[in-house]
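Hello,

Here is the structure I promised to pass on to you. Please open it alongside this message, and my notes on it follow below.

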Amino acid sequence: MTDRISRREFLRQSSKSVVAAVAAPYLLKPSRAAAQTIAEPQSAKLADYYRHFGVDEKLIRRTISDALSRGGDYCDLFFEHRLTNEARLEDNKVNQAKSGIRMGVGIRVLKADQTGYAFTEQLTAESMAAAARTAADIANSSKNVEPVQLKLHNCPNYYPVKTPWQQVSIDSKIPLLTKLNNRIFALDSRVIKSNIWFMDQTALVLIATSEGRIAFDYRPFLSLGASCAAEQEHRRERSFAGFSARAGFESITPERIDRIANEAVRRTTVLFDAVKPQGGQMDVVLGGGSCGILLHEAIGHGMEADFNRKQISIYADKINKSVAPDFVSIVDDGTNLNLPGSLNIDDEGNDTAKTYLVENGVLKNYLQDKISAAYYKVKPTGNGRRQSYRFAPLPRMRNTYMLPGPHKKDEIIKSVKKGLYAEMIGNGEVQIGAGDFSFYLKLGYLIEDGKLTRPVKDVNLIGNGPEVLENITMVADDLKMAEPGGICGKWGQRVPISSGLPTVKASKITVGGTS
Amino acid sequence: MKLTEMTELAQWAMQYALKTGADQSAVSISRPRTIEVEFRSGRIEKLKESTIRTLGISIYADQRYSSHSTSDLSKDSLKKFIAEAIRSTKYLDKDKFRSLPEPKYYPKKSDTDLKIYDSGYENITTAERVKIAAEIESAATAQSDRIISATSWYSDERFEKVLLHSNGFSGEHRAGSFSAGAMVTVRGDNNARPEAWFHAETRFRKDLPRPEQIGKEAAARALRRIGQAKIESGRYDMLVENRIAGRLISTLIKAMKGRALQQKSSYLEAMLGKKIASDKLTVIDDPTIEKGLGSRLFDGEGLTAHKRTVIEAGVLKSYYIDNYYGKKLGTEPTSGSVSNLVLDNGSLSLEEMVKSAKKAILVTGLLGGNFNSTTGDFSYGISGSLIENGERVKPVSAMNISGNAKQLWHSLAELGNDPYVYSSWRCPSMLFEKVSFSGI
């Protein structure tokens with residue numbers, strides 16, 4: 001082992017002159033366009049973004065005119081350049097790296113609530129004109145459109161970065177993976193396999209609309225995780241822990257690595273004592289953090305405005321009605337510092353915000369994109385998101401969490417005679433109209449006479465959104481966000497999100513298990 | 001860009017990689033073209049056209065391995081991209097198992113026509129696409145005044161790919177697909193708005209169900225959900241509709257992958273030749289089916305595709321082993337990915353299976369849930385109908401099934417005669433005995 005580390009030390013020192021990460025460095029001016037820490041006028045940065053995508057204001061204005069030439073009401077262009085790097089460790093070797101580059105522009109034309117969409121990955125005047133004409137066809141008249149005047153829209157920075165990923169070469173990431181791996185094996189002799197993954201991403205986006213707005217954003221992202229398998233008396237278990245954020249290299253601290261290792265090993269080895277619970281409907285105490293998926297499924301999706309404008313959500317027609325006790329407030333927030341779902345600006349060029357879904361028990365706001373905000377005649381909430389330039393935006397969540405309540409975690413657990421404590425949730429799903437939602441329990445504990453007893457694992461939990469909200473009886477003061485964040489899928493589009501929860505007592509949840 | 005031009009560019013990229021420091025390299029260029037229509041409330045909701053070109057390259061250099069992909073296909077960009085890919089590979093750990101497959105696994109040149117490309121694709125107009133979606137939506141909406149919303153869709157795709165390996169493989173793949181479906185929401189009881197969908201995908205346009213049939217089917221499924229509720233927990237016989245059965249089959253397939261086996265996360269490790277399911281279960285992986293959605297002459301790693309038995313009368317016959325994990329496990333690669341799955345079917349239709357059930361739950365939809373390939377534990381949310389004395393007596397929903405795949409597959413009692421043709425996993429409906437359902 002020492003040999004390997006010293007060899008890496010050598011490589012690191014000898015590689016100082018090697019330019020950074022996989023596949024990135026030939027990009028135009030990445031350090032200027034990317035790191036918004038440099039004090040310079042925003043207009044100079046806009047010029048950098050133009051240069052980066054090889055376009056200018058005139059070409060953008062002409063493309064917008066082409067896109068509206070068939071009578072569309074509105075058009076936006078979404079330029080994106082995204083670089084992704086991955087490294088994987090398996091069987092004590094960092095033996096796989098990956099990288100990906102995607103660059104293109106998506107052109108969207110709206111005619112009322114109808115969408116025409118096309119994109120091109122060749123940022124030439126001809127290709128952009130062809131894509132604009134394809135998107136234009138959603139409308140079917142013709143008109144002459146005067147080119148719009150574009151005005152730069154400045155936005156705040158919710159993801160300050162000290163060391164952008166373009167400045168981090170693979171040789172400085174490798175020792176982190178090795179360290180995490182070594183730590184996992186050192187923690188418990190029952191560990192037989194350890195798998196580590198590390199992904200970083202840099203996206204530059206430039207958005208221009210026919211309403212004359214132009215805005216840009218630099219979006220960093222990282223995800224670091226570990227999964228391990230352990231064996232005890234012929235029984236094998238596997239679990240994982242991870243971390244993701246819109247942040248730079250500085251966020252991977254030694255403490256962070258220790259925490260991932262400790263959690264991965266603890267969550268795996270505790271399963272040797274786990275049982276399947278008796279299935280049925282019972283009180284469930286949701287632990288802070290990853291149980292936030294409950295909110296994402298139980299109410300978040302149902303509050304996305306497209307489902308409500310189409311009358312297919314169980315929350316349609318419930319605005320300003322009481323849906324939960326008055327100590328329950330739930331927000332969807334795009335403005336949290338460095339969280340995975342945070343956005344300086346949404347993918348339609350709108351400012352993001354902290355949006356109340358439920359305020360003191362009362363249903364307040366839908367999550368709006370441009371089309372729905374026009375339908376409801378409200379200000380967009382900054383929830384228009386897309387997977388990439390290859391997709392038209394939809395109303396999507398950002399960071400969804402419940403605000404702290406008046407109770408204490410201990411008092412909540414003590415109040416349950418027989419039930420389940422959920423600690424770690426893997427995945428969830430919802431039926432928007434029926435309101436039924438599910439989430440998969442990777443690790444939890446039985447609650448017997450107010451105490452946590454045996455661990456339980458691998459059971460699905462189901463509830464009905466409005467019914468579960470109405471039956472929340474206690475909310476603690478210990479709000480935590482889910483460290484690994486999450487990836488949310490809707491109509492085939494995946495976007496990073498986060499969710500969080502204080503300890504919450506809910507009822508009427510059906511727990512899978514034996515019967 | 002023609003296929004021959006794609007091959008030329010791939011060849012150039014591969015040579016450039018070999019010249020700049022790779023010992024071996026594989027290059028693919030893929031180009032899917034997709035047109036999608038969504039239709040709702042009597043008009044187009046979305047019209048989308050997309051053509052994607054992606055170059056993927058694998059680098060093997062001095063027993064080190066990395067893979068990269070880019071949408072920027074200009075030669076100047078590719079030169080920098082490949083040079084950087086090779087430079088970064090040098091920092092990785094050596095792994096003696098990292099090399100391209102041995103050429104003996106590559107297919108011989110073949111003129112087999114799998115009938116996976118419908119040349120009629122080229123003649124479809126956008127107006128025709130819109131018309132199909134419109135007919136689906138109007139058929140769905142006409143079924144009941146309880147319908148709140150019906151969204152229909154139609155899309156088609158032409159997929160082209162070239163794949164080259166520096167040790168002697170070259171292949172071209174061209175396929176097409178046609179999809180159509182609808183999602184229908186109906187007014188239920190207590191403000192609930194149950195929804196259901198129907199979706200079909202085929203290789204040839206004429207094999208798609210008629211638009212009217214798609215709309216009616218989606219609406220009928222949604223209307224059947226009205227009044228759905230969870231019922232008492234207990235052990236029930238479980239009838240699983242064909243289109244859902246694939247999710248259960250994945251509790252076998254995921255544990256049969258080379259990576260799961262080698263990384264000690266498969267409950268099927270060391271089970272080759274052993275009984276893992278009831279006699280009723282025979283599963284064949286068949287890449288050679290004409291018009292099959294998973295049909296192919298070679299897999300993603302260039303390995304020759306051939307028909308093989310995976311499970312025979314409940315006995316595990318073969319795993320899914322790719323090139324790398326084959327080397328690591330010291331075993332022959334079989335292909336790491338599923339092509340088409342074909343099961344030995346039974347003699348009864350789903351309706352006949354329902355008729356002959358005394359008491360059972362018919363599962364027609366899943367809601368979340370997951371499966372642990374290390375231990376075999378599974379738990380899924382379900383919806384469907386309670387069957388008593390051969391009749392659907394009540395729609396059920398929001399219940400969980402739970403168990404372990406090790407036991408579940410031994411309780412497989414019957415298969416239907418209705419393989420699901422709109423998926424490459426052609427599962428028939430299935431009957432399992434005494435499964436744990438939790439509800440109230």
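**Two helices in chain A**

H4(A) passes H5(A) in a right-handed crossing. Please keep in mind that this is a predicted model. To find the pair, look for helix H4 at residues 57-67 of chain A and helix H5 at residues 125-136 of chain A; their axes come within 8 Å and cross at roughly 30 degrees. Angles under 35 degrees count as roughly parallel, so H4(A) is roughly parallel to H5(A).

Which residues make the contact between them? From H4(A) come A:Leu59, A:Thr63, A:Asp66 and A:Ala67. H5(A) brings A:Ala125, A:Met128, A:Ala129, A:Ala132, A:Arg133, A:Ala135 and A:Ala136. Sorted by class, the contact of H4(A) with H5(A) holds eight nonpolar residues, one polar residue and two charged residues.

**The domains of chain A**

Where they touch, domain 1 of chain A supplies 36 residues and domain 2 of chain A supplies 26 residues.

On the domain 1 side of that contact, the elements giving two or more residues are strands of chain A: E1 (74-90), E2, E3 (114-120), E5 (191-209), E6 (213-232) and E7 (235-245). E2(A) gives the most to this side, with six residues. By class, the domain 1 side that touches domain 2 of chain A has 16 nonpolar, ten polar and ten charged residues.

**Where chain A meets chain B**

Strand E2 of chain A, residues 93-111, turns up again here: E2(A) pairs in the parallel sense with strand E4 (residues 64-70) of chain B, over five bridges.

How many residues does each chain put into the contact? Chain B contributes 66 residues and chain A contributes 71 residues. On the chain B side, strand E2 of chain B (residues 43-51) gives the most, with eight residues. The side of chain B that touches chain A divides into 17 nonpolar, 30 polar and 19 charged residues.

**The domains of chain B**

Last, chain B is assigned domain 1 (3-32 + 50-104), domain 2 (119-223) and domain 3 (234-438). Taken over C-alpha atoms, the centres of domain 1 and domain 3 of chain B are separated by 36 Å.

How values were computed. Residues are numbered from 1 along each chain as its sequence is written. Chains are lettered from A and ligands numbered from 1 in the order in which they are written. This is a predicted model: local features need pLDDT of at least 70, side-chain atom pairs count only at pLDDT 80 or more; totals for chains, interfaces and linings use all residues. Domain bounds come from an automatic or database domain assignment. Axes are lines fitted to C-alpha atoms, for helices over the stretch in contact, and angles run from 0 to 180 degrees between N-to-C directions. Helices (H or I, at least four residues) and strands (E, at least two) are DSSP runs, numbered from the N terminus. Angles under 35 degrees count as roughly parallel, over 145 as roughly antiparallel, 65 to 115 as roughly perpendicular and the rest as oblique. A crossing is left-handed if the near helix is turned anticlockwise from the far one by less than a right angle, and right-handed if clockwise. Two residues are in contact if their C-beta atoms, placed from the backbone, lie within 7 Å. Ala, Val, Leu, Ile, Met, Phe, Trp, Tyr, Cys and Pro count as nonpolar, Asp, Glu, Lys and Arg as charged, and the others, Gly among them, as polar. Two strands pair if DSSP finds at least two bridges between them.
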